[in-house]
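Open the model in your viewer and keep the selection tool at hand.

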Amino acid sequence: MSESSAPLPITATIAVIGAGAMGAGIAQIAAVAGHPVLLHDLRPGAAVSAIAGIRAQIDKLVAKGKLSAEQAAAASAALLPAESLDALRDAKLVIEAIVENLDAKRALFGQLEALLADDAILATNTSSISVTAIGAGLKRPERLVGMHFFNPAPLMPLVEVISGAATDKAVADTVFATSQAWGKTPVRARSTPGFIVNRVARPFYAEGLRLLQEGVCDAATLDAVIRESGGFRMGPCELMDLIGHDVNYAVTRSVFDAFYGDPRFQPSFVQLELVQAGHLGRKSGRGFFDYRDGAAKAEAATAGPQPRPWRIALNLGHPLGSALSKRMYASAAHPLQTLSGVTDDRIATIDGSTALFATDGRSATAMALAHGLRDVVVVDLMLDAATVRRTAIAVSAHCPDAARDSVIGMLQSAGFAVSVFSDSPGLAVFRTVAMLANEAFDAVHQQVCSLDAVDIAMRGGVNYPIGPVEWAQRIGLDRVLAGLDHLQAHYGEPRYRASAWLRHAVRAQS
Ligand code: NAI
């Protein structure tokens, strides 16, 4: 086996096994990169029809100006169907993308091992099965590595390069370098349940499902806040509808089981109900939302217009106070006051008595009690307070409607659409981001991957606007830790326990 971390030369033949959605995408990537590609599938004719589909995709790349006609012709000519495994014997890298079943994958690699040259690399695109377990039956498990692409493979930049217990470092290095040469962004991970992305992303779904289960907001409002305040491309509900609830629930279950029932990964009854009802999402016409012809589109709940309050005193020392000041400046018909002598971290005082705070993982009612106030409104985390279009607020138990409306009026005058949640700790964006970061820190603590790899993976694999580690650093690790401690205190559940890595990092900073 070569010790070099150079990519496989483009003369090396790549074999892809499994001509489904993923296999076809991977074959397209390798052919466009310049390799001869053999595509094999158990179903007769599947490889031939997949290649026809890939060639049509390649032609679209020419129409979009992304490939020259010559490059496209070469890539199309480089793709050949292989009706038998035997035809793959000269391949230098075999990427398996067959059914997600351990026995099927083991049996296939057993056959391949007997067929291929000694220096050929075996790669699996499994999304959830242990690379160590797939390799366990092989005579030489050191040449098996995970090469986990994301759907749609030609578009998503990330490849998780996953080392099982036996994987040779040189093999992982070659696959890493080859992925880079193919224009992908690889990250290294150790074979552990969910690898990086499917583990760290769990809270994105889980916290949303939790809010729905508690009736804090409805699905359309949750999605709007996560998109328009958190800057995520999709909300959790529309994303689960797209993935399919059967698939998403099965992944959650498998990660939950693999972590021996850790409550952090507990599946949700809300999603189970959808699966049991057959409301699997877009593919079945209904999920959280109704996709049938003529169905009305669910709209986010947005507070109606309120007058801008007269007396707004902003804490310009608070980043959100300063952003609000800038946003309101243009529309201000009367001057804003500056809040001076502030002894807590409030953002603003409105009409002398209503205090606005950023959520710190406590409910508005808990914050009111802690500060000895009655009228408290908390506002959710925003990706960028200078530009986001929407925010969510929650209101303390005894706060009168007029006080709530004054805050709504103020936020509207700064250009925000406002969604009012029932009083729940951490609202939507903060608790989601805090839990994503917590999972990221735990994965790093458990040696799954590096800190940098998490952020690259979550941006490149699931399009997060910024990585959870960078986001936590922007918020302040101490604030994220405090937020998690508050959530845990509120619920009394180990689900919200902070990662020991985070607690240690905060102590080390102080
Ligand atoms: P798919 O169901 O679209 O395609 C699988 C293909 O493999 C089918 O054409 C089937 O005929 C063929 N096949 C099954 N057993 C075979 C065997 N023993 N030998 C040769 N061909 C065989 O599945 P999809 O979605 O393409 O997934 C394939 C693999 O990629 C799975 O391991 C999956 O977990 C993984 N994956 C899937 C992603 C997704 O979003 N669909 C994302 C990343 C990984």
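The stops below follow a predicted model.

Select the ligand and show the pocket surface: the ligand sits in the largest pocket. Then display the elements that give two or more residues to the shell around the ligand, which are α1 (21-32) and β6 (144-149).

**The shell**

Next, select the 19 residues around the ligand; those that come nearest are Asp-41, Arg-43, Glu-100, Lys-105 and Ser-127. Colour the shell by class and you will find eight nonpolar, seven polar and four charged residues.

Show the side chain of Asp-41, where an N or O atom is 2.6 Å from an oxygen atom of the ligand. Move to Arg-43: one of its polar side-chain atoms lies 2.8 Å from a ligand oxygen. Finish with Ser-127, whose side chain has an N or O atom 2.8 Å from an oxygen atom of the ligand. On its own the ligand has 840 Å² of accessible area, and the protein covers 74% of that.

**Thr-167**

Is Thr-167 buried or exposed? Its relative accessible area is 13%, and because the cut-off for buried is under 20%, Thr-167 counts as buried.

A polar atom of the Thr-167 side chain lies 2.8 Å from the backbone oxygen of Leu-144. The backbone nitrogen of Gly-164 also lies 2.8 Å from a polar atom of the Thr-167 side chain.

Methods. Residues numbered from 1 in each chain as written. Predicted model: local features only at pLDDT ≥ 70, side-chain atom pairs only at ≥ 80, totals over all residues. Heavy atoms only, no water. Near = heavy atom within 4 Å. Polar contact = N/O pair within 3.5 Å; in protein donor to acceptor, adjacent residues only side chain to side chain. Areas by Shrake-Rupley, 256 points an atom, 1.4 Å probe, with all protein chains shown as cover. 1 Å grid on protein atoms, 1.4 Å probe; cavity = no way out; pocket = protein on both sides within 12 Å on 5 of 7 lines; lining within 4 Å. Sits in = over half its atoms within 2 Å of the grid points. Helix = DSSP H or I, 4+ residues; strand = E, 2+ residues; numbered from the N terminus. Nonpolar A, V, L, I, M, F, W, Y, C, P; charged D, E, K, R; others polar. Buried < 20%, exposed > 50% of the residue type's maximum accessible area, 1.4 Å probe, protein only.
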